[in-house]
Amino acid sequence: MFLIDSHCHLDYEPLSYDIEGTLRRAHDKGVRGFLTICTELSKISVLTALAESHVDVFATVGVHPHETQKTLPEKELFNVLVHGAVHPKMVGFGETGLDYYYTHSPKTDQLSAFKAHIEAALACDLPLIVHTRDAEQDTIDSLKTIGKGKARGVIHCFSGSAWLRDQALELGFYISASGILTFKKAEGIRDLLKDVPLDRLLVETDSPYLAPEPYRGKSNEPAFVVETAKRLAHLKDVPFEELCVQTTQNFLNLFSKVTLDSKDFKLSCV
């Protein structure tokens, strides 16, 4: 079995207290790759160090929409993003996007930062990790107008509408299932994910948040992505092993800087 946690936050507490233990527990469950996601520019050096010190950990560079009111102006942000992506283990841009549910940052700041991320993704030919909440129309409009339909990426922790799912798939985006998939009251999300083609699905934890059943209420960690993958395999009516193989291949297709050695099954960067 070979699974990749396509979205975790290894620099967040309590995961950061015991990185080696966190990764070991995941390895024991068959999770062999980890993408740790950047949320603030100040975290780039921390994530770079994490990725450099662990062969199976990769990272992104980006600013979460909640943090955009205190980040750089658009042009400066673009330059920092592009420069950060030069590192071989920085494999994408994000977590970026729009969140109008909390609006911890003004919409104008969120839109400006999202634009910088999209333009950086196009300039570097790297994928976007997109967060969207109560902002589906503006998210898709930005990807279509700024991204010109050429930007690629993933809608992470999918919990949106059928319209968002269909628009994202039409743009060539992937859809990522999180622990929400396992929640008892998430029947609507399960119905929406059921119709996503198998070759467009990823699995993630978003740890330390959103622990899946039977760990709900506890701090989430990459080892728990197995529970989400099992539920997704059941939902798609495919063997668990097939789901593992396909989501791993999907990750490699999207995050093309990452390669898998078919002989020893170890991940590396191009």
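Two strands count as paired if DSSP finds at least two bridges between them. By that rule this predicted model contains an open sheet of eight strands, in the order S1-S2-S3-S4-S5-S6-S7-S8, with parallel pairing. One of its bridges links Ile-155 to its partner Ile-175 in S7. The notes below cover the sheet, its inner strands, the aromatic rings and some backbone details.

**The sheet as a whole**

- Strands S1 and S8 form the edges of the sheet, since each of them pairs on one side only.
- On average, neighbouring strands are turned by 30° against each other, with direction ignored.
- In general, the strands of a sheet pair through backbone hydrogen bonds, and the pairing is either parallel or antiparallel.

**Strand S3 and its neighbours**

- Strand S3 covers residues 57–61 and is mostly covered, with five of its five residues buried.
- Its side chains point two ways: Val-57, Ala-59 and Val-61 go one way, Phe-58 and Thr-60 go the other way, and all are buried.
- Strand S2 (residues 31–36) runs parallel to S3 and is joined to it by three bridges.
- Thr-36 has Ala-59 in S3 as its bridge partner.
- Ala-59 also stands opposite Met-90 in S4.
- S3 and S4 run parallel and are joined by two bridges.
- Val-61 has Phe-93 in S4 as its bridge partner.

- Strand S4 spans residues 90–99 and is mostly covered: ten of its ten residues are buried.
- Five bridges connect S4 to strand S5 (residues 128–133), and the two strands run parallel.
- Within this pairing, Gly-97 stands opposite His-131 in S5.
- Between S4 and S5 the chain passes through helix H4 (residues 107–124), giving a β-α-β crossover that is right-handed.

**Strands S6 and S7 with helix H6**

- Strand S6 (residues 153–155) and strand S7 (residues 174–177) run parallel, joined by two bridges.
- Helix H6 (residues 162–170) lies across S5, S6 and S7, and runs at about 135° to S7.

**Aromatic pairs**

- The whole structure holds four aromatic pairs.
- One of them is formed by Tyr-12 and Tyr-209, an edge-to-face pair with 6.0 Å from centre to centre and 80° between the planes.
- Tyr-12 belongs to the loop between strand S1 (3–8) and helix H1 (19–28), and Tyr-209 to the loop between strand S8 (201–203) and helix H8 (225–236), so this pair ties together parts that are 197 residues apart in sequence.
- Tyr-12 counts as buried because its relative accessibility is 17%, under the 20% cut-off.
- Tyr-209 counts as partly exposed, at 44% relative accessibility.
- Another pair consists of Tyr-215 and Phe-224, which is stacked because the ring centres are 3.8 Å apart and the planes are at 0°.
- Phe-224 has a relative accessible area of 11% and is therefore buried.

**Arginines over rings**

- Arg-200 is placed over the face of Tyr-174, 6.0 Å from the ring centre.
- Arg-216 is placed over the face of Phe-183, 3.7 Å from the ring centre.

**Cis peptide bonds**

- Glu-13 and Pro-14 are joined by a cis peptide bond with omega of about 0°.
- Pro-14 sits in the loop between S1 and H1, and Tyr-12 lies in the loop between these two elements as well.
- A cis bond also runs from Glu-213 to Pro-214, with omega near 10°.
- Pro-214 sits in the loop between S8 and H8, where Tyr-209 is also found.

**Positive phi values**

- Lys-148 is not a glycine, yet its phi is positive, at about 55°.
- Lys-148 lies in the loop between helix H5 (136–145) and S6.
- Lys-148 counts as exposed because its relative accessibility is 62%, over the 50% cut-off.
- Asp-237, also a residue other than glycine, has a positive phi near 60°.
- Asp-237 lies in the loop between H8 and helix H9 (240–254).
- With a relative accessibility of 69%, Asp-237 counts as exposed.

How values were computed:
Residues are numbered from 1 along each chain as its sequence is written. This is a predicted model: local features need pLDDT of at least 70, side-chain atom pairs count only at pLDDT 80 or more; totals for chains, interfaces and linings use all residues. Side-chain values use heavy atoms; hydrogens and water are left out. Buried means under 20% relative accessible area, exposed over 50%, partly exposed in between (1.4 Å probe, protein chains only). Helices (H or I, at least four residues) and strands (E, at least two) are DSSP runs, numbered from the N terminus. A crossover is right-handed if, with the strands pointing away from the viewer, the path from the first strand over the helix to the second runs clockwise. Rings of Phe, Tyr and Trp (its six-membered ring) pair if their centres lie within 6.5 Å; planes under 30 degrees apart count as stacked, over 60 as edge-to-face and the rest as tilted. A charge sits over a ring if NZ of Lys or CZ of Arg is within 6 Å of the ring centre and within 35 degrees of the ring normal. Axes are lines fitted to C-alpha atoms, for helices over the stretch in contact, and angles run from 0 to 180 degrees between N-to-C directions. Contact means heavy atoms within 4.5 Å.
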